[in-house]
Structures are given as C-alpha cells and as structure tokens.
Amino acid sequence: MPDPTPTEYHAFFLTDHNGRHLLCIPHQKTKNVYEIEPLNHDFAGIVTYRNKLREVLLEGADIQWGKKCIGYEESDDGVWALFEDGTREFGDLLIGADGINSPIRKQKVPNLEIFDNGVTCVTVDFAIPKNLANQLMSIYSNSIIQESLGQNGDFHFSSFRLIPIDQSDEPTYRTTLAYVYPTKFDINDKISINDDDPGSVIKHIISKIKQLRPPCDLTNLLIELFSIVPLSHPGEKYPFRTYIPPRRFQFLDVYPLSVPPWKNDRIFLLGDAAHAMNPILGLGANHAIQDAELLTKELLNYNNDNLVECIRQYNEQMRTRSSKGVMESRNMILNHKESVGYLGLLVRYSIFRVINFFNYIMAFIKFHT
Ligand SMILES: Cc1cc2nc3c(=O)[nH]c(=O)nc-3n(C[C@H](O)[C@H](O)[C@H](O)COP(=O)(O)OP(=O)(O)OC[C@H]3O[C@@H](n4cnc5c(N)ncnc54)[C@H](O)[C@@H]3O)c2cc1C
C-alpha cells in the first residue's frame, strides 16, 4: 500500500491573517503513517485521534457507565465515592479524574477556582475534501498543525493528517478546525445564538470571521471550511469518527499554585480536575498522561509505612509541573487576545522574525551536538 503521508510534516506553522508566514518551527516529514521521525529539539507536534486513544485506554477496564459522582466521604481505612443515584463504592484511594468541573476538586480544594481567559472558541471536527486540504497544506507548507493570527485578538487553528478516510475519487481527511476570538465581541454585539443548534453556531462563527478578518484568500478558505460542516451526524466512517457537533465554549483554566498545598490524604486529583489549561499549546491531555504515569510510579513505591510520603510526592510534583503549563497557556492567550494596529503588526512581524532565527539556531545546535 502506498504511504498516504509522504509529504506530511509533523510540525506547527503560524501565519498572519493574510496567510503570510510568521513562525515555522524546524520540522521533519513524518516517518510513515504510524510513526513520527524522532527530533532532537522540542518543537514537534502530531495529531492523534482522541476516540482511538480512549478505546485503547478502556481495554480491560471495568467501567460502570451512566453514574454521576457527587462527592466522597473519607474514613480511617479508606474512602467512599458517593453517586447521584444513591449508591456508593468503597476503596483505599479515590482518584478524581473528572474534568474541569470536578465535584471531587470542589469538595477537596473548594478555594481552587476556575479562571476565565476571556476568549471564546468555536471548534468543529469533520471531514474535508482533498482540494480544501491541499489549499491549507499549500499555505502551511505541509505542516499538520496550522494557525493564523488575526489583528483583533482572534486566531484560527486547524489540523489534520493526510490519511484519507475514504477511497472515493476525491478523498476526505478527518480535520479539527477552530476559530477563537475575544469574548468581548459577543458581549458588545449582544448576539443571540442557540448553542444547541449546530446551524446557529456555524452561522455565528462565519459572521464573526467576516467581522474580524479582512477579505483575502485565507479568510475565504476559512469561511468555506466552516460552511461545509455537516449540521447533523453524517454517520460513522470506519476507522475514524469524523463529526462532533460544532460548539462554542470559553477558554478556562485552573491554576493549582493559586492555593496553598492541599492535604495529602487518600483523595487524588488528576488531569483537568487539578489543572485544566486552555488548549492553545495543546498541553492538557499531555499533563493528564504524565500525572497518570507519576501516580503509578509513586504507588509502586508504596509500602505500609510511607503512603503519605507517596501521596505528598505526587501532589507536589504534579502541582509544580502542571502549573507551569497552565501559566504558559494563559499568558499566551492574554498576549494573543489584544487587538493590534499597524505599528503592532510591525512589532509582531519583527518579533517572529527574531524567534524564527533563534529557533533555527537552537535546532541546528541540538541536531549537531
Ligand atoms: C478544543 C480542545 C482542544 C484540545 N487540544 C489538546 C491537545 O491538542 N493536546 C492536549 O494535550 N490537550 C488538549 N486539550 C485538553 C484535553 O482535552 C484535556 O486536558 C484532557 O481531556 C483532560 O483529560 P481528563 O481526563 O483530565 O478530563 P476530561 O477529558 O474532561 O475527562 C473527564 C471525564 O470525567 C467524566 N465526569 C465528569 N464529571 C463526572 C462526574 N461527576 N461523575 C462521573 N464522571 C464524571 C466526564 O464525563 C469525562 O469522561 C484540548 C481541549 C480542548 C477543549
């Protein structure tokens, strides 16, 4: 079978609102359809499929679906998880991996609050035809992680792998597309959207792009992409799920170091429950996986005498590492979301030129040492 990805680069590529190159991280072609080429620097990116990852993680796990945890009760020898249907489960430990609105976090660390980054995002997952994929790839030099910065604190993000999901004359590619803009534009415009109606969300985001972006080929391409998003479920296509209904949501985060260290008891927080971060740097799931690895390592160190020490090690390392990711992501958004005039654009171009230069120097040094 011919490799469907011979021209695919596992990299991040940034342009301005007109599609003019701003930042191109040194990158390499993917090795083959299954593997990325190992890099000697830190700038690679790859697209993975969340539903596939979830299926792998669920293998062999005993799950009870449809139950909602509402809190817990700790005792001397264990902890009860309490469920909305009145049932309860007893265990040695409780791991709160229940996302940004975690009821476990709200009970354990009630003063650890959610911070609104002040930007709104509409994101869609769908299949795009080859001709539109080619247009994106030509603007973004075949990089699979693509972003354009607008002048009004807005930006677009798209990513897809060049693995066709069907065999028709014009193959399609599973794609994620997002448009992000400062929430103040929705508040000032007093817009009315039905977030449960995909048609209403798509109509809104197209009008937002027209409002905030100048007319140009990239703007037209973004509008065309959003306008082909199916408004109802088109059915599953093996092996990929291509459609998640369009939704509008806020960028939020949770910063663990904003509160003093919490109690090293039998209740752990893991992933977004402890440290949700906005998705701009694509770090959240990576940190959740690192948490799971760290927790496993610490629990393997456990013997009858040192449970509290294992828990302390986990809490301390998890809080410190993830807080860095939360703040890097937050600062990136706070810097992005300001409008820039012509002078600001000049400064932006200059800064990216310098960053590009240093990135290439760093990559060169790392490749050759
Ligand atoms: C648009 C977008 C793009 C992203 N892109 C990236 C990326 O490129 N790279 C990256 O690393 N991260 C990314 N992230 C972040 C990533 O999705 C999260 O960090 C990750 O999903 C966190 O995993 P989690 O298991 O901690 O929480 P979640 O994925 O939120 O899972 C929590 C689970 O708990 C369940 N649950 C919630 N409440 C209860 C309850 N009361 N009782 C029982 N179950 C409950 C939920 O149903 C859910 O299944 C992105 C996020 C968004 C929104």
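# Reading strands, sheets and a ligand shell

Reader: In which sense do β1 and strand β8 (residues 143-149) pair, and over how many bridges?

Author: Two strands pair if DSSP finds at least two bridges between them. Strands themselves are DSSP runs of E with at least two residues, helices are runs of H or I with at least four, and both are numbered from the N terminus. Here β1 and β8 pair in the parallel sense, over 6 bridges. Within this pairing, Phe13 stands opposite Gln146 in β8. Bear in mind that this is a predicted model: local features need pLDDT of at least 70, side-chain atom pairs count only at pLDDT 80 or more, and totals for chains, interfaces and linings use all residues. Residues are numbered from 1 along each chain as its sequence is written.

Reader: Which residues of β2 stand opposite Thr15 and Leu14?

Author: Thr15 faces His21, and the bridge partner of Leu14 is Leu23. β1 and β2 (residues 21-24) pair in the antiparallel sense over 3 bridges. They form a hairpin with 4 residues between the strands, and Gly19 in the turn has a positive phi of about 85°.

Reader: How many residues of β1 are buried?

Author: A residue is buried if 20 or more other C-beta atoms lie within 10 Å of its own, exposed if 12 or fewer, and partly exposed in between, with C-beta atoms placed from the backbone. Strand β1 (residues 9-16) has 7 of its 8 residues buried, so the strand is mostly covered.

Reader: What is the strand order of the sheet with 7 strands, and which strands stand at its edges?

Author: The order of this open sheet is β2-β1-β8-β9-β10-β7-β11, with mixed pairing. β2 and β11 (244-254) stand at the edges; each has a single partner strand, so one side of each is left without a neighbour in the sheet. The twist averages 20° from one strand to the next. For angles like these, axes are lines fitted to C-alpha atoms, for helices over the stretch in contact, and the values run from 0 to 180 degrees between N-to-C directions.

Reader: Which strands does helix α3 touch?

Author: Contact means that the C-beta atoms of two residues, placed from the backbone, lie within 7 Å. Helix α3 (residues 130-139) packs on the sheet and touches β1, β7, β8, β9 (155-164) and β10 (172-182), with its direction at about 130° to that of β7. Helix α5 (residues 198-212) also packs on the sheet, touching β7, β10 and β11, and its direction makes about 65° with that of β11.

Reader: Is Leu112 buried or exposed, and which residues does Leu112 touch?

Author: Leu112 counts as buried because 20 C-beta neighbours lie inside 10 Å. This residue is found in the loop between α2 (103-108) and β7 (114-129). Leaving out residues up to four places away in sequence, Leu112 touches Arg105, Val254, Pro256, Ser258 and Val259.

Reader: Which residues come nearest to the ligand?

Author: A residue is near a molecule if its C-beta atom, placed from the backbone, lies within 6 Å of it. Of the 17 residues around the ligand, Gly99, Gly271, Gly282, Gly284 and Ala285 come nearest. α7 (272-275) and α8 (284-300) each supply at least two residues of the shell, and α8 gives the most, with 4 residues.
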